[in-house]
Amino acid sequence: EGYATLVSITMFFCKKIVPFSLWCSSPIRTVFLLSFVSSLPLILVGSTLQAWYAASGVSLLTIGMLTLVGQPYVYKFLWAPCMDRFAPLGLDRRRGWMILTQFGLVGGLILMGLLSPSRDPFLLASIALGVAFISASQDIAVDAYRVDVLTIQTRSVGAAVTQLAGRMAILVAGACALLLAASVGWRMTYFTMAAVIALGIYVSYGAPQPHECAALPASRIPR
């Protein structure tokens, strides 16, 4: 009851400061959904994968090595300029990269679900590393899209829904995934998460376009 009261008070002040129609606008809804989808793989190749290895009886040394799987998230700034240069799939740069990476994530999670830590610990970890790389690339595209589509009036709301979506993704890919694994097994759990991310392809394709898209970066630095 106290939590519900706190939420009601927070929403009351939010409506007073920011119009409710702004919270329900198409760009804000899209940013929320894309932020949710982009946050899922971080947990699926992190704590959830470690729990899968632990439940399969893999050694603690191998589980500890899984922390290296998240390294692409640290170094994604290295290939971000390359992604900003090209527009795949015949779409604009943002939607093209988002859809391409989401297809890769769906395939990667399905492959992970087909393997077992007890039989293929290193192969599964290698695929998880590839999923982390693709996921980090998706983060680059989603972040760039959020910068392009949000205006000065909607940036604060966009930041709020981004944080909310990230926290919800942690619950879904963490606690909910563990509960699902206890009921239907790890394979179906990762298949289910792949299906959730597949919904992001539809969201990305129908994402509203910004009024002013950032120009392509120059090939050379002018003298």
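Trainee: Among contacts in the protein chain between residues at least 6 apart in sequence, what percentage join residues at least 24 apart?

Mentor: Of those contacts, 81% join residues at least 24 apart, where contact means heavy atoms within 4.5 Å. This is a predicted model, in which local features need pLDDT of at least 70 and side-chain atom pairs count only at pLDDT 80 or more, while totals for chains, interfaces and linings use all residues. Residues are numbered from 1 along each chain as its sequence is written, and side-chain values use heavy atoms, with hydrogens and water left out.

Trainee: And how many helices and strands are there?

Mentor: The protein chain has 11 helices and zero strands, helices being DSSP runs of H or I with at least four residues and strands runs of E with at least two, numbered from the N terminus.

Trainee: Ok, which residues of helix α4 are buried?

Mentor: In α4, residues 47-55, they are T48, L49, W52 and Y53, with buried meaning under 20% relative accessible area, exposed over 50% and partly exposed in between, for a 1.4 Å probe and protein chains only. Seen down the axis of α4, these buried residues fall within an arc of 140 degrees, so they line one face of the helix; the arc is that of the directions from the helix axis to the C-beta atoms.

Trainee: What do they pack against?

Mentor: The buried residues of α4 pack against α3, α5, α8, α9, α10 and α11.

Trainee: Switching topic, where is T189, and is T189 buried or exposed?

Mentor: T189 is in helix α11 and counts as buried, at 0% relative accessibility. A polar atom of its side chain lies 2.7 Å from the backbone oxygen of G185, and, leaving aside neighbours within four places in sequence, T189 is in contact with A177, L180, A181 and V184.

Trainee: What about R146, which residues does that one touch?

Mentor: Not counting residues up to four places away in sequence, R146 touches V31, S35 and T162. R146 lies in helix α9 and is buried, with a relative accessible area of 18%.

Trainee: Last one, which residues are closest to the centre of the second largest pocket?

Mentor: Of the 16 residues that line the second largest pocket, the closest to its centre are S35, S38, S39, L42 and D139. Helices α3, α9 and α10 each supply at least two residues of that lining.

Notes: 1 Å grid on protein atoms, 1.4 Å probe; cavity = no way out; pocket = protein on both sides within 12 Å on 5 of 7 lines; lining within 4 Å. Polar contact = N/O pair within 3.5 Å; in protein donor to acceptor, adjacent residues only side chain to side chain.
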